[in-house]
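Reader: Hi, I'm new to this. Can you walk me through a structure?
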Amino acid sequence: MIKELLFFFASPMIEYIIHKSLHEYKNTFHREHHILISNRNNDRELWILYFLLPSIYFENYYLVIGLTRYYIAHYLIHFYPHLVKGLTKHHLEHHKNCSTNFAVSATYPDYLFSYIYTLLQ
């Protein structure tokens, strides 16, 4: 049970790190998502199947849960924003200012890492 709770807390932080890295390394695939959103075309993100299906096959259920959590949150934000108003506001701010708000399925990693960054300056 402890391992599952740690995973539940850690998965948005991993998501934050991956998302921030996509921006730092100027990933063109991810940049396309931002262009689609800024042009008001929503992206269904089928790329996730390339990771989700092998994870199911190899029974890596932590990865399955983490990817599914991310996908559901991101899907709701872009297609049913009224259901997740706080996450929607947080994430759409990221689309306006790509140097902030990298977490998608939770907001605490942005606050946590911003606070740590402030302490180190």
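Predicted model: local features only at pLDDT ≥ 70, side-chain atom pairs only at ≥ 80, totals over all residues.

Reader: OK. What span should α4 have, at 1.5 Å a residue?
Author: With 19 residues, α4 should span 27 Å. The C-alpha atoms at its ends are 26 Å apart, which agrees.

Reader: Which residues in α4 are buried?
Author: Val64, Gly66, Leu67, Arg69, Tyr70, Ala73, His74, Ile77 and His78.

Reader: New topic. What makes up the largest nonpolar core?
Author: Ten residues: Ile48, Leu52, Val64, Leu67, Tyr70, Ala73, Ile77, Val84, Leu87 and Val104. Helix α4, residues 61-79, gives the largest share of this core, with five residues.

Reader: What does Ala73 touch, leaving out residues up to four places away in sequence?
Author: Leu87, Val104 and Ser105.

Reader: How do α1 and α4 cross?
Author: Helix α1 covers residues 2-24. Its axis and that of α4 come within 10 Å and cross at roughly 50°. The crossing is right-handed.

Reader: Which residues meet there?
Author: From α1, Lys3, Glu4, Phe7, Phe8, Ser11, Pro12 and Glu15. From α4, Tyr62, Ile65, Gly66, Arg69 and Tyr70.

Reader: Is Ser11 buried or exposed?
Author: Buried. Its relative accessible area is 9%, and buried means under 20%.

Reader: How far apart are Ser11 and Gly66?
Author: In sequence, 55 residues. In space, 6.0 Å from C-alpha to C-alpha.

How values were computed:
Residues numbered from 1 in each chain as written. Heavy atoms only, no water. Core = buried A, V, L, I, M, F, W, Y, C linked by side-chain atoms within 4.5 Å. Buried < 20%, exposed > 50% of the residue type's maximum accessible area, 1.4 Å probe, protein only. Helix = DSSP H or I, 4+ residues; strand = E, 2+ residues; numbered from the N terminus. Contact = heavy atoms within 4.5 Å. Expected span 1.5 Å × (residues − 1). Axes fitted to C-alpha atoms, helices over the stretch in contact; angles between N-to-C directions. Left-handed = near helix turned anticlockwise from the far one by under 90°.
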